[in-house]
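Thanks for coming, everyone. Please have a look at the next slide, and then I will walk you through it.

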Amino acid sequence: MDLEGKRIVVVGGSRGLGRGLAEAFAVRAAEVTVVARNAAAVQGPGEQPAVTAISADATDVDAAWRIMEQTRPDLVIMNAGAEPPMERIDRIGWEAFTTNWNV
């Protein structure tokens with residue numbers, strides 16, 4: 001797939017899978033915008049090809065509309081979530097279990 005010049009937004013792209021995707025898209029000459037609660041974490045010196053970072057909470061509806069209008073993306077990757085509880089499934093309640101789905 002040719003990504004050159006494609007506008008891609010990666011929500012939750014400051015670390016882990018999201019960061020890896022942002023890096024891979026940028027290397028393929030895509031115009032990458034990363035949305036993260038901590039935009040400063042996106043631009044480490046020499047660690048990642050140039051991307052645009054926007055500091056925002058993925059659950060903020062107004063921010064989502066603003067970012068989509070501002071970037072006009074060809075592709076959006078939703079990689080935001082909550083850290084899951086690290087416990088046996090029979091020891092956690094429904095609320096804790098469904099946190100990631102609800103985010």
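**Surface, fold and pocket**

Let's begin with the surface. The protein chain exposes about 7,000 Å², and carbon and sulfur atoms supply 53% of that. Accessible areas here come from the Shrake-Rupley method with a 1.4 Å probe, and for residues only the protein chains shown count as cover.

A word on the source. This is a predicted model, where local features need pLDDT of at least 70, side-chain atom pairs count only at pLDDT 80 or more, and totals for chains, interfaces and linings use all residues. Residues are numbered from 1 along each chain as its sequence is written, and side-chain values use heavy atoms, with hydrogens and water left out.

Now the fold. The protein chain has four helices and four strands. Along the sequence, the pattern reads β-α-β-β-α-β-α-α. Helices (H or I, at least four residues) and strands (E, at least two) are DSSP runs, numbered from the N terminus. The C-alpha atoms fill a box of roughly 45 × 30 × 30 Å along the principal axes.

How much of the protein chain is buried? Of its 103 residues, 29% are buried. Buried means under 20% relative accessible area, exposed means over 50%, and partly exposed lies in between (1.4 Å probe, protein chains only).

Next, the pocket. The largest pocket has a volume of about 480 Å³. A pocket is an open set of points on a 1 Å grid over the protein atoms alone, where a 1.4 Å probe fits, with protein on both sides within 12 Å along at least five of seven lines; lining residues have an atom within 4 Å of a point. The volume is the space filled by probe spheres set on the points, and grid points are joined across faces, edges and corners.

Which residues lie nearest the centre of the largest pocket? They are G12, R15, R37, A80 and G81, out of 22 lining residues. α1 (16-27) and β2 (31-36) each supply at least two residues of that lining. α1 gives the most, with three.

Most residues other than glycine have a negative phi. A29 has a positive phi, near 70 degrees. A29 sits in the loop between α1 and β2. Its relative accessibility is 40%, so A29 counts as partly exposed. R72 also has a positive phi, near 45 degrees. R72 is in the loop between α2 (61-71) and β4 (75-78). At 55% relative accessibility, R72 counts as exposed.
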